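Let's walk through this one together, a piece at a time. Have the viewer open and the sequence alongside.

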Amino acid sequence: MGKTTQSGSTISTPSVNLMASMDEATSSCAIQPVDPKAIYEKPGYKLYSFVDKFVKTDTGFIPVIKSKLDKNDLVSTFFVRCGVNRYQYRVTPGLYGIGKPNKNSEVLVTANFKLTFDHLRKELGKINAWILVLDTKGINVWCAAGKGTFSTMEIVKRVKECFLDKIVDHKRIIVPQLGATGVSARDVKKQSGFRVIYGPVRASDIPMFLKNSKKADKQMRQATFTIYERFILTPVELQNTLKPALITALVLLIIAGIGPGIFSFAHIWERGMISILALVTGILSGALITPVLLPFIPPREFALKGIISGSVVSILFLIMGSSIIGGITGFMALFLFSIAISSFLAMNFTGTTPFTSPSGVEKEMKRYIPAQLGALVISSGLWIYSAF
Amino acid sequence: MEDLKLRHLKDVSTLVLDKERCIGCSLCTEVCPQAVFEMQDNKAHIVDFDACMECGACVNNCPSQAISVSPGVG
């Protein structure tokens, strides 16, 4: 004990100068401004960086959030778009404010997926409002509405838990239109007393919607799927193929070893690589090119779209590698293989679009999965045969 | 370029509108993200059947149970 005290006091003795800059450092520490948000800190809690301050209401302090995204938000957005930890990207559900909310401010309901939350606050700019964040398990509004977490029950529960009737003097909440899949406006009114007004599909239309005395025109009510909206979804599509693709690649390497004579490594390398390239071509065609060019590839069936884009892309690629493939049989094998992959992944993209119905997808799958499997079996046979 | 309206298969949706039951509240035209409905003579009409994606927003919000969709597992 005594020793510690002694050594401690030695260090702090003014005569001992451990570093030349120590005095300076001490003085610059002294003028460090106090973080104004430090007053909101509580032991065991961490303040979200998007919280600007707190506003006092009849129910206590409510966090007021920034409408501007910072660097961290943008970096996280990038990673989530690439599929990194996207199911853990959440905001704590509950009531938030933005701007200078008061008793007459509108209440905007949203999901607790941070990407959704960021999108909303960014578009609100200088609007004063309350934001009621539902617990959708980190899923966006539309998908959560389909899965039942963005629901009548959840709205009613949050409205009551946040004592919304004490926060605002009116009795209305603005629910994003895409939430309607999981919400009954009538039941919300019956169970909470709050009237649901369906807001526009896109957060970017909210300022105009509010200015138009909460009326959305036809365009605000329609879901779009622009080339940018399609492109931004493709990294996750590609990421989803990663694991099965690695397993397939291993199988392809093993198959490449089958041939006349002994198991040869040179053989595995050449035929393995070219077949893996056929796999990659199929993946890029089905999960990237088809989604991006979606409306420009004529047929309505996604599986067919995938066959068309797969044919074009793989022909180009196979001609380049024709010297290694050796013969028309091998060529046909890889061509079929690549197209089957492209067709399957293109069909898989129906789950991501805003215009395919479950009935339509079911019909397509019943028709095309057997064809895709058949193509896979035939191409494997041809590929092995072509080695002999 | 983006004016090409995206469409999936024809005649697959299980959407059914019972015009007898429709009370003309127009909520279905408000919640549908695909502009499937339009109001004509104070009744909802299906004007774009193949655009329906069976999301069920109209069904949930119709006050008179005039609309139904019954997709399978999906």
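What pattern does chain B follow, read along the sequence? Chain B runs β-α-β-β-α-β, with two helices and four strands in it. Helices here are DSSP runs (H or I, at least four residues), strands are runs of E of at least two, and both are numbered from the N terminus. The radius of gyration of chain B is 12 Å, close to the 11 Å that the globule rule gives for 74 residues, so chain B is as compact as a globular protein of that length. That radius is taken over C-alpha atoms, and the rule is 2.2 Å times the number of residues to the power 0.38. Along its principal axes, the C-alpha trace of chain B spans about 35 × 30 × 20 Å.

A quick word on ground rules. This is a predicted model, where local features need pLDDT of at least 70 and side-chain atom pairs count only at pLDDT 80 or more, while totals for chains, interfaces and linings use all residues. Residues are numbered from 1 along each chain as its sequence is written, and chains are lettered from A and ligands numbered from 1 in the order in which they are written.

Now over to chain A. Its domain assignment (automatic or from a database) gives domain 1 (47–223) and domain 2 (228–386). Their centres, taken over C-alpha atoms, are 41 Å apart. Four residues from domain 1 of chain A and five from domain 2 of chain A make the contact, where contact means C-beta atoms, placed from the backbone, within 7 Å.

Next, some helix pairs. In chain A, the axes of H15 (residues 327–348) and H16 (residues 358–386) come within 8 Å and cross at roughly 155 degrees. Axes are lines fitted to C-alpha atoms, for helices over the stretch in contact, and angles run from 0 to 180 degrees between N-to-C directions. That crossing angle makes H15(A) roughly antiparallel to H16(A); angles under 35 degrees count as roughly parallel, over 145 as roughly antiparallel, 65 to 115 as roughly perpendicular and the rest as oblique.

The other pair in chain A is H12 (residues 265–292) and H13 (residues 302–320), whose axes come within 9 Å and cross at roughly 135 degrees. That makes H12(A) oblique to H13(A). Residues of H12(A) including Gly282(A), Ser285(A) and Gly286(A) meet residues of H13(A), among them Gly306(A), Ser309(A) and Gly310(A).

Notes:
Contact = placed C-beta atoms within 7 Å.
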